[in-house]
Amino acid sequence: MTSEISQDMAHEIMTTAFAKAAEMGLKPLTVAVLDAGGHLKALSRQDGTSTLRPEIAQGKARGAISMGLGSRALFKRAQEQPYFIQSMNALSDGSLVPVPGGVLARNPDGRIIGAVGITGDSSDNDETCAIAAIEAVGLVADAG
């Protein structure tokens, strides 16, 4: 049973996400992989991304880890309960980005062992790449 995202897994997640983006013809992406504690395990951005993309990718993943929900669920909650999400963002010093593209990585037993945040194209496409990359390393993707 996988208990954490290894460095090798983090790099495979990034490589797979970039390959999926190329296959789909997407804009340049930035990928952040966090461990279960919300700490950065790996980050990579393709040439041509804008300067704020590393923070956005980490914010998508951080929101998922912090709330235990994929960022698609956080996006829906932000629409239904904007003051709640606003408060959570204030508590986290503004580091949460509640839009699709932050996907929890669960082990086969369902335990959260990390999250992947991707930004650069549409949020739906970012999320598609994150799901494909998480599943490619044998983990269960939870987009919310």
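Me: Leaving aside its neighbours within four places in sequence, which residues is Ile113 in contact with?
Reply: Happy to start there, keeping in mind that this is a predicted model. Ile113 is found in strand β4, and at 1% relative accessibility it counts as buried, since the cut-off is under 20%. Leaving aside neighbours within four places in sequence, the residues in contact with Ile113 are Thr2, Ser3, Glu4, Ile5, Leu34, Asp35, Ala36, Ala105, Arg106, Asn107 and Leu139.

Me: How many Å separate the C-alpha atoms of Ile113 and Gln46?
Reply: Along the chain, Ile113 and Gln46 are 67 residues apart. The separation of their C-alpha atoms is 25 Å.

Me: Which residue stands opposite Ile112 of β4?
Reply: Good one to check in the viewer. Strand β3 covers residues 102–106 and strand β4 residues 112–119; the two run antiparallel and are joined by 5 bridges. The residue standing opposite Ile112 is Arg106.

Me: Which strands stand at the edges of the sheet?
Reply: The open sheet has 5 strands with antiparallel pairing, in the order β2-β1-β4-β3-β5. Each edge strand has a single partner, so one of its sides is left without a neighbour in the sheet. These edge strands are β2 (40–45) and β5 (140–142).

Me: At about what angle does helix α2 run to β4?
Reply: Helix α2 (residues 53–67) lies across β1 (30–35), β2, β3 and β4. Its buried residues, among them Ala57, Ala61 and Ile65, pack against those strands and also against α3 and α5. The angle of α2 to β4 is about 145 degrees.

Me: Which residue with a positive phi follows α2?
Reply: Let's walk to the end of the helix. α2 has 15 residues and reaches 21 Å from its first C-alpha to its last, close to the 21 Å expected at 1.5 Å a residue. After it comes a residue with phi near 70 degrees, Gly68.

Me: Why do the buried residues of α5 line one face of the helix?
Reply: Helix α5 (residues 123–136) reaches 20 Å, close to the 20 Å expected for its 14 residues at 1.5 Å each. Its buried residues are Asp126, Glu127, Cys129, Ala130, Ala133 and Ile134. They line one face because, seen down the axis of α5, they fall within an arc of 160 degrees.

Me: What covers the buried residues of α5?
Reply: The cover draws on both helices and strands. It includes α1 (7–24), α2, α3 (71–80), β3, β4 and β5.

Me: Which element gives the largest share of the largest nonpolar core?
Reply: This core has 25 residues, and those touching the most other members are Ile5, Val31, Val33, Val116, Ile118, Cys129 and Leu139. The elements giving two or more residues are α1, β1, β3, β4 and α5. The largest share is 7 residues, and it comes from α1.

Me: How many residues make up the second, separate core?
Reply: This core includes Leu34, Ala61, Ala64 and Leu104. Ala61 and Ala64 are also among the buried residues of α2. The size of this second core is 6 residues.

Terms used: Residues numbered from 1 in each chain as written. Predicted model: local features only at pLDDT ≥ 70, side-chain atom pairs only at ≥ 80, totals over all residues. Heavy atoms only, no water. Pairing = 2+ DSSP bridges. Helix = DSSP H or I, 4+ residues; strand = E, 2+ residues; numbered from the N terminus. Contact = heavy atoms within 4.5 Å. Axes fitted to C-alpha atoms, helices over the stretch in contact; angles between N-to-C directions. Expected span 1.5 Å × (residues − 1). Buried < 20%, exposed > 50% of the residue type's maximum accessible area, 1.4 Å probe, protein only. Arc of directions from axis to C-beta. Core = buried A, V, L, I, M, F, W, Y, C linked by side-chain atoms within 4.5 Å.
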